[in-house]
Amino acid sequence: MRVNVLGALEVVAEGRPVRPGGVRLRALLIRLALEPDRTVSVQALTEALWPDGDVDEPRHALQSLVSRLRRVLPAVLCTEPAGYRLEAEVDAIAFERLAREGRAVLHAGRPHDAVGVLDEALALWRGEPLADVADLPFARAAAVCLEELRLGAVEDRAEAGLAIGEPPVMEEIRALIARHPLRERLRILLVGTLAAKGRTAEALAAFADYRRLIVDELGADPGPELRELHLRLLRDEPARRRGNLPVALTGLVGRDDDRGRVAERLDRARLVTLVGPGGVGKTRLATAVVGHLAEPAWLVELASVRDPRDVPHAVAASLGLPASPDAMDRIVEVLRDAVVILDNCEHVLEAAAALAERLLGRCAGLRVLATSREALGLPGEAVYTVAPLDEVAAVWLFTERARAARPDFAPSGQVAEICRRLDGLPLAIELAAARLRSMPLETLASELDLIAGRSASARHRSLRAVVAWSWDLLTGDEQVAAMRLAVFPASFTVEAAEHAGVPGHILAGLADKSLLQLLGNRYRMLETIRSFGRDRLAATGLLDAAQAAHAAYYLALAERAEPELRGPGQLSWLPRLEAEREHFAAAFGQAPLRFGAALGMFWAIHGDHGEAVDRLGEALRTPGSADIRLQAEAAYLLNAVLAGRLAEAVEVPAAAPAGPVAAFVAALVALASGETERGVAALEPYWDVEDAWTRAMLRLARSFLHEAVGDAAHRDIEAAAVAFREAGERWGLMVSLLSLAFDRAVNGDTEAALAMVEEADECGRDLGAHDDQRVWLAMVRMYAGDLPGAGRHLDGLADTAMARVCRAELARWAGDRAEAARLLDHGDGGLPVRLLRQASAGFLALENGDHDAAAAWFSAARDSAVAMPDPPMLAHVAVGLADLLHRRGAVDKAAELLGAAAVLRGGPCPRHPDVVRLTRALNRQLPALTREEALAAVSIV
C-alpha cells in the first residue's frame, strides 16, 4: 500500500485508490503513516487524535476508528500488544530518505548525482504537507519538520545545480528569501548564482544588503562561508567544478587488488586503459578508482555515440558544456587539472584515441582512464586487463546482491556453481541475483540455461545468455516494451517512452527488474541490454518501425519547439532540446530535411555554426516539400553567415516561392554571390510584415547587405533590436546588440558601446550561450582603448581560441611578445577566429621585425575576410597591411590603406592602440576614399 501525505491524503492499495472518510479516520491513518512499519502506542494515538481530551472513552473511540480503518485497509493495519502498526510505503518517509541521501551525495562531492536524487525527492511534493489534518498539533509539528526538510532539499538542489554549471532560477531563490529573509544559506545561493551568471556587481550588492539586514536585526555579521564567497568575488576567483561521477548505490565487491593496481598505474601514466569483455566491470572499477582521487573527476559515457564525429560533443555534454565552435577550448579549460573516464571506447576507438591524445597534449595536469574491449594504441598508454571475478569474490557478490533482493537469502553450494556458469562476470551475476525477488535459488539454478563452451567469446556469450534468460522472465508486454526502448540511444523521458507505446507502470517494472536505470526523471537502458533488444527487434523485423517511431517523436518535439525559439519560450525550450541532442543525432537520418528545418535555429543559438552548416548542407541534399526546404535553406544560410562560410552558399538556389522566408533566403544568396542590390530588392515587399521576429530577421539580413554596399547598416541593426525586443527573443537581441556595440566603439561612443555589450552579455548568460559574448565585451573595450578593462573581462574565462587571441593582443600591447606568441600557438576555431589569429600573428611578426612573415599572415587574413565576407574584419586586416607598408617606407600607400580601413569599418576607431599609433604617424597623408576605392585598395595589396 502507498500513502501520500505531502499534500492532500492519497491512498493506493492493490493498485486502486482508497478514500477513507471522516477527518478522525484520516487523522488516524496519517498518524500511523508517519511511522510506517513501527508500533505506535495507544496513548500516542489518542493524544494525537484528541489533543484537548474532548472524548470520554478515548481507547474505545480509538478502537472504533481502528475497526473502521481495518474494513477499508484490511491487509496493512496490524494490531500489536502495545498499539497499532501500518505496513505501507509513505511519500513523506521516502522524501526524508531521498533528501538525506541527496545531501550526503552532495557533501561527498558528487553534485551531478545529487541533482537526480534531489529531483526525485522534490517531485514527491503535491502541496502543503498533511493538509487534511493541519489543525491537529501532531500534524502541525510534523509539517514544520517536513517543510524544513523540503527547504533544505531545495537549497541542496540549488547548490548541486550551481556546482555542475546549472544555476538555479533567480526568481525562485528570491521568492524563498522573501519568506525566509534571515536564512543565510539562501543568501549564499543568491550571491553564488549571481556570480555564476557573471553579475558580480549584483552579487556584491546582494551580500551588502544581507549584511545590513542582519546587523540591523541581529547585531551580527554574515557567517564564514558567505564571507569567504564575498572575498572570492572581490578577488575575482571563479569556483572550480568538481565533476560528475555517479555515486555507486552498492559497494565494489572483489576488486580491492584491481583497484590498487589501477591506481598505481594511473599514478605513473597519464593514460590508462582498462580492457576486458562486456559485463566484466570495467566501468565500475574505473569509477571506484577515480572516485578516491583529489582532482575533479568526470565520466564521459560513449556507449550511445554512433557517429565518431560526435565523440567531442559527448565529452562536452558530459561536462555540462553547450555545443559551440570553441567546444574543445572549453573542454580543455574544465579538464586542465582533472581526471576523466572515457567509457566504452571500443566502437569509436579511433575517434576516442584521437580525442584522448589531443586532450593530453593540451592539458598538462589531465589524466585519462579509458575503458574498452581493446587498447587505444597511443604512445605511453598503460593497459590493464580486467579479469572476471574469482570464485570467492563472485560468490560474495552474488550473496550481497541476493540479500538486497531478498533479505532472508541464505547461500548454498548452488551459488558457486551458478557463478562458475556465469564465468564470474559481475553484470551477469547481478542480473541473475536480481531474479531472486521472484523465485527461489533452486529454481534459478535449474532454469539458468547458459551457452556451453569456452571459446574466446564464451564470456560475452554467457552474459548475453543471462540477458536472454532475464528477458524470457519478462511478461509479453514487458518484452515488447523493452524492445521498443532499445532504439533509444541515451536516457529518455516518460513522455518519450509513452509515445513509443510503453506506459509508466511498465517502465517502473523494467527498472525494478534491473533492465532500466532511473536517473532523476529520466530512464536509461544498459548498453548490453539495448544491444540485445535491438537484435530481437531486427530478428522480428520490427527494427525499422521502432526507429521510425523514435524519430517521429523527436521530430515532433523539434518541430513543436521551433516556433517557441523565436520568442520568450527560448529560455524554457533550450535546455529541453539540449537534453535530447543524442536522440536528434540518432534520428536525423530518418528525416534530414525536416530535422534540419526544425533544429536550424537551435543550432544557431547554441553557437556551433560550422557543424550546423555541415548538417544542413547534408539535409538539403535530400528530398522534401518546398516549404520545409525553404525553412532549411534559411537556417543553412543564417548559420553560414555566422560561421563565416557564406561563400559556400552560392550553391543554394534562390528561393522560388514568395514570402518573407523566401526573401530572407534570396537576400543571403545574393550576398554570397555579390549581388547585393538584388538582395535588398528581395526584402523590400516584406519590410512591414506583422510578425516581430520575422521583421527582425529581415532587418538583420538587410544589415548584412548594407554592410557590403556601404550604407548605414547600424540603422537596420537598431530596427532589428527593437523588433527582437518586441518578440521577446533573447538570441537575436544579443546578436544585434553586439553588432551595435562594435559600431559605437569604432565611432568613439565608448559609453554606449559598453552598455550594449553588457546587456548582450546578460542575454547570452540567460540562454546558456558560450563565452564568446564576454570576449566580445573585451574586444569592445580594446577598440575603446580601455586595455585594463578588457583584461578584467577576460579573467576567469575559459581558454578558448577567441579568448587566446584577445589575450595575445593585450600581451603584445604590454610588450610581452613571448606570451603573445605562446597564446597564438594554437590554430583552433572557425573562420572568424582563424582570421583574428592570423591578423594578430601578423602584428606580432611586425613587432619582431619579420616583415616577410607579417606579409604572409596578413595575406592569409585578407583571404579569410574576403571569403566570409566581412568588411569590418577586412578593415582590421587593412590596418595591419598599412602598418607593414609604413614600416617598409611606403608611407602614401600606408595612409591610403589606413583610410580604407576607416571606410570599411564605418568609423575612425579613434582609441584602438594600433589605429592610434598609425593615425598619428600618417595623419597628414590620410586620403578621403569611397567604399569602392577602399575595397580596391585592400584587395590589390
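Me: What makes Leu130 count as buried?

Reply: Buried means under 20% relative accessible area, exposed means over 50%, and partly exposed is in between (1.4 Å probe, protein chains only). Leu130 has 1% relative accessibility, so Leu130 counts as buried. This is a predicted model: local features need pLDDT of at least 70, side-chain atom pairs count only at pLDDT 80 or more, and totals for chains, interfaces and linings use all residues. Residues are numbered from 1 along each chain as its sequence is written, and side-chain values use heavy atoms, with hydrogens and water left out.

Me: Where does Leu130 lie?

Reply: Leu130 is in the loop between α5 (111–122) and α6 (137–163). Helices are DSSP runs of H or I, at least four residues, and strands are runs of E, at least two; both are numbered from the N terminus. The phi of Leu130 is near 55°, a positive value in a residue other than glycine.

Me: Why is Asn344 called buried?

Reply: Asn344 has a relative accessible area of 19%, and the limit is under 20%, so Asn344 is buried. Asn344 sits in the loop between β10 and α15. Its phi is positive, about 65°, although Asn344 is not a glycine.

Me: And Trp298: what makes it buried?

Reply: Its relative accessible area is 2%, so Trp298 is buried. Trp298 lies in strand β9.

Me: How do you know that helix α14 is mostly covered?

Reply: Count its residues. Eight of the nine in α14 (residues 327–335) are buried. Among them are Met328, Ile331 and Leu335. The cover includes β9 (297–301), α13 (311–318) and α39 (801–813).

Me: Why are α29 and α30 called roughly antiparallel?

Reply: Angles run from 0 to 180 degrees between N-to-C directions, and the axes are lines fitted to C-alpha atoms, for helices over the stretch in contact. Under 35 degrees counts as roughly parallel, over 145 as roughly antiparallel, 65 to 115 as roughly perpendicular, and the rest as oblique. Helix α29 (residues 609–619) and helix α30 (residues 626–643) pack at about 150°, with axes 8 Å apart. That is over 145, so α29 and α30 are roughly antiparallel.

Me: Which residues make that contact?

Reply: Contact means heavy atoms within 4.5 Å. Leu616 of α29 and Tyr636 of α30 are among the residues involved.

Me: What makes α16 roughly perpendicular to α17?

Reply: Helix α16 (residues 391–405) and helix α17 (residues 413–421) pack at about 110°, with axes 9 Å apart. The value falls in the 65 to 115 range, so α16 is roughly perpendicular to α17. Phe398 in α16 and Ile418 in α17 are among the residues that meet.

Me: Why is the pair of Phe488 and Phe492 called tilted?

Reply: Rings of Phe, Tyr and Trp (its six-membered ring) pair if their centres lie within 6.5 Å; planes under 30 degrees apart are stacked, over 60 edge-to-face, and the rest tilted. Phe488 and Phe492 are 4.9 Å centre to centre, with 50° between the planes.

Me: What makes the pair of Tyr554 and Phe584 edge-to-face?

Reply: The planes are 85° apart, over 60, and the centres are 6.2 Å apart. Tyr554 lies in α25 (residues 543–561) and Phe584 in α27 (residues 581–587), so the pair ties together parts that are 30 residues apart in sequence. Both Tyr554 and Phe584 are buried.
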